Amino acid sequence: MDGPRAPVVGTRAGAVVLTVATLVGLVIGGWWWRVNEPTTGRVVGTDRPAASDPVAVDADSGIAYRTDPDTGRVTYVVPPDTDGTALGNFPNTVWRERSELAPDDGIVRQARAEEGERHLLQFRCTGPGELLVLVDGARAADPFTAGCNGSTTSTEVTGAGGPFQVSLSTVGVEPLTVEAQLVLLP
C-alpha cells in the first residue's frame, strides 16, 4: 500500500481559490482596459453634428472634438482644409508628412513627450493595399493597418516621458501616397 494521501478537500479548495482569483483578475483587467483604452477611430469631417452629438472646442488649442456620451470615446473634428491636405490645420502641429511610399520604403518621424502628454496622430493613404502604423516609445492603439481608400484615420498617442517614433510603411507590393501629421493635444 502506498503512503498517506493528501485530502481531496484541500486540492479542490485550492482549485476553487485559483479559479476565483483568475476570474477576479480577468474582470479587473477588463475594467482597466476599458478605462485606459486608447482612443482611435476615423476622424469626422467638418459636416454639421447632430443635435445629440455636440461639438466642444478646447479653448487653449482650438481643436474641436465630440465625446460619445455612452462610451466616452473622443472623435476629433477636422478643421477646414486650407493648405491642400485632407488632414486639416491644427494649432500645435509637431510635424506633417506627405510622401510616396514604395513597398520597401517607410516613413519614420520622431517626437518627444512628457509622461501622460497626449498627441493626435492623423493619417490617410491612397493606393492599393494597406498602411502599417507603428508607434514605439509611447502608448497608442498599435500596431495596426488601415486601408488606403483616402479616408482620414486618427489615434491618440500618450507620452511615456521621452522620445518616441511613428513608423508608416506599406503592407502591399504597390506604392502608396501617404499624408500624416502629429498634433500636440491640450
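Biologist: Why does T153 count as buried?

Modeller: In this predicted model, T153 has a relative accessibility of 18%. The cut-off for buried is under 20%, so T153 counts as buried. T153 lies in strand β10, which covers residues 153-159.

Biologist: How far apart are T153 and Q122 in sequence and in space?

Modeller: They are 31 residues apart in sequence, and their C-alpha atoms are 5.7 Å apart.

Biologist: What makes Q181 a buried residue?

Modeller: The relative accessible area of Q181 is 0%. Buried means under 20%, and Q181 is therefore buried. Q181 is found in strand β12. Leaving out residues up to four places away in sequence, Q181 touches L87, G88, F90, T93, W95, R96, L120, L121 and Q122.

Biologist: How do you know that the side chain of Q181 makes a polar contact with that of R96?

Modeller: The distance for the side chains of Q181 and R96 is 2.8 Å. A polar contact requires N or O atoms within 3.5 Å, one able to donate a hydrogen and the other to accept it. The pair is accordingly listed as a polar contact. The side chains of Q181 and Q122 are likewise joined by a polar contact, of 2.5 Å.

Biologist: Why is the link between C125 and C148 called a disulfide?

Modeller: The two sulfur atoms are 2.0 Å apart. The definition asks for cysteine sulfur atoms within 2.5 Å, so the pair qualifies as a disulfide. A search of the whole structure finds one disulfide. The pair links distant parts of the chain, with C125 in strand β7 and C148 in strand β9, 23 residues apart.

Biologist: Why is this disulfide described as left-handed?

Modeller: The torsion about the S-S bond of C125 and C148 is about -90°, and the disulfide is therefore left-handed.

Biologist: Are these two cysteines buried or exposed?

Modeller: C125 has a relative accessible area of 2%, and C148 has one of 9%. Buried means under 20%. C125 is therefore buried, and C148 is buried as well.

Biologist: Why is the aromatic pair of F123 and F144 called tilted?

Modeller: The ring centres of F123 and F144 are 5.8 Å apart, and rings pair if their centres lie within 6.5 Å. The angle between the planes is 40°. Planes under 30 degrees apart count as stacked and over 60 as edge-to-face, with the rest tilted, so this pair is tilted. F123 in strand β7 and F144 in strand β9 are 21 residues apart, and the pair links distant parts of the chain. F123 is buried, with a relative accessible area of 1%.

Biologist: Which residues have the most contacts inside the largest nonpolar core?

Modeller: This core has 24 residues, and those with the most contacts inside it are L121, F123, L131, V135, F164, L168 and V178. Strand β7 gives the most to this core, with six residues. Leaving aside neighbours within four places in sequence, L168 is in contact with L101, G106, I107, L131, L132, V133, V178 and A180.

Terms used
Residues numbered from 1 in each chain as written. Predicted model: local features only at pLDDT ≥ 70, side-chain atom pairs only at ≥ 80, totals over all residues. Heavy atoms only, no water. Core = buried A, V, L, I, M, F, W, Y, C linked by side-chain atoms within 4.5 Å. Buried < 20%, exposed > 50% of the residue type's maximum accessible area, 1.4 Å probe, protein only. Helix = DSSP H or I, 4+ residues; strand = E, 2+ residues; numbered from the N terminus. Contact = heavy atoms within 4.5 Å. Phe/Tyr/Trp six-rings, centres within 6.5 Å; stacked < 30°, edge-to-face > 60°.
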